[in-house]
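Please look through the sequence and the model shown here, and then read the notes below alongside them.

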Amino acid sequence: MPHHLDRHHAHSNLLEFAKETDRAQRRYENFLQHELTRCGIFNLAPAHFQILVAITAAGSTVKNLAANSGVHGSNLSYYLKHLEKHDYILRANVRDDQRYLFIKQTRKAKALIANLSRDAARRVEAAWNELEDKDKNALHDVLVKISLSLATTLPPRSA
């Protein structure tokens with residue numbers, strides 16, 4: 001096969017992968033926005049919920065939250081201010097080091113996460129159960145391989 005055909009095939013695969021991952025992300029965000037609205041939550045976007053879920057049960061520092069949520073810099077700061085304003089999080093400086101900000105979920109946030117997680121988990125489990133075991137394993141293996149390949153070929157993102 002000529003070299004330009006190999007390159008075209010690789011570009012085509014990359015484009016298809018990008019389109020499908022973008023489509024899956026948009027469907028997830030649409031689903032999440034629908035669930036937030038269904039619960040009567042009109043002051044949160046899917047990104048806010050993603051941050052809430054990334055906060056561990058014990059709480060998180062902003063640095064850990066940036067690493068776990070995928071939201072960084074000024075966007076994270078903006079979202080945290082919004083979440084605090086609407087009583088979903090509490091922010092406090094770490095006693096031993098005032099440079100670090102510690103974030104905890106409020107009861108309101110924990111209740112919302114439990115409610116949405118339960119509903120989302122049921123839907124995801126139903127869809128997952130429709131897949132054959134071999135398809136589940138193949139999907140998992142492909143996603144892990146792509147993720148690892150991208151992680152080892154790209155420079156780390158600065159926080």
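This is a predicted model: local features need pLDDT of at least 70, side-chain atom pairs count only at pLDDT 80 or more; totals for chains, interfaces and linings use all residues.

Residues are numbered from 1 along each chain as its sequence is written, and side-chain values use heavy atoms, with hydrogens and water left out. The chain has six helices and three strands, where helices (H or I, at least four residues) and strands (E, at least two) are DSSP runs numbered from the N terminus.

**The chain as a whole**

- Read from the N terminus on, the elements follow the order α-α-β-α-α-β-β-α-α.
- Of the 159 residues of the chain, 26% count as buried; buried means under 20% relative accessible area, exposed means over 50%, and partly exposed lies in between, with a 1.4 Å probe and protein chains only.
- The chain exposes about 11,500 Å², and carbon and sulfur atoms supply 57% of it; accessible areas come from the Shrake-Rupley method with a 1.4 Å probe, and for residues only the protein chains shown count as cover.
- Among contacts between residues at least 6 apart in sequence, 49% join residues at least 24 apart, a contact being heavy atoms within 4.5 Å.

**Helix α4**

- Helix α4 (residues 73-85) has 13 residues and reaches 19 Å from its first C-alpha to its last, close to the 18 Å expected at 1.5 Å a residue; the expected span is 1.5 Å times one less than the number of residues.
- The buried residues of α4 are Leu76, Tyr79, Leu80, His82 and Leu83.
- They lie on the same side of α4 because they cover an arc of only 160° around the axis, the arc being that of the directions from the helix axis to the C-beta atoms.
- An α-helix has 3.6 residues a turn, so residues three or four places apart point the same way.
- The face of α4 turned away from its buried side carries the exposed residues Ser74, Tyr78, Lys81 and Lys85.
- The buried residues of α4 pack against α2 (46-54), α3 (62-69), β2 (89-93) and β3 (101-105).
- Just after α4, Asp87 takes a positive phi of about 65°.

**Helix α3**

- In α3, the residues Leu65, Ala66 and Ser69 are buried.
- These residues cover an arc of only 100° around the axis, which puts them on the same side of α3.
- On the other side of α3, the residues Lys63, Ala67 and Asn68 are exposed.
- The buried residues of α3 pack against α2, β1 (60-61), α4 and β3.
- Gly70, which follows α3, has a positive phi near 80°.

**Gln105 in strand β3**

- Gln105 has its place in strand β3, and it counts as buried because its relative accessibility is 13%.
- The C-alpha atoms of Gln105 and Leu90 are separated by 6.4 Å, although these residues are 15 residues apart along the chain.
- Leaving aside residues up to four places away in sequence, Gln105 touches Leu52, Ile55, Tyr88, Lys110 and Ile113.

**Salt bridges**

- Side chains of opposite charge can pair when their charged atoms come close.
- A search of the whole structure finds five salt bridges, each being a side-chain nitrogen of Lys or Arg within 4 Å of a carboxyl oxygen of Asp or Glu.
- One of them joins the side chains of Glu16 and Lys19 (3.0 Å, N to O); both residues lie in helix α1 (residues 3-38), three residues apart, about one turn of the helix.
- Another joins Glu20 and Arg23, with the closest N and O atoms 2.3 Å apart, and these two residues also lie in helix α1, three residues apart.
- Glu20 is partly exposed at a relative accessible area of 41%, and Arg23 is partly exposed at 28%.
- The side chains of Arg91 and Glu84 also meet in a salt bridge (3.0 Å, N to O).

**A nonpolar patch on the surface**

- Val124, Trp128, Leu131, Leu139 and Leu143 form a nonpolar patch on the surface, with about 440 Å² of accessible area together.
- The elements that give two or more residues to the nonpolar patch are α5 (107-130) and α6 (133-153).
- Patches are made of residues with over 30% relative accessible area and no salt bridge, where like charges are joined within 9 Å and nonpolar side chains (Val, Leu, Ile, Met, Phe, Trp, Tyr) within 5 Å.
- Val124 is found in helix α5, and this residue is exposed, with a relative accessible area of 55%.
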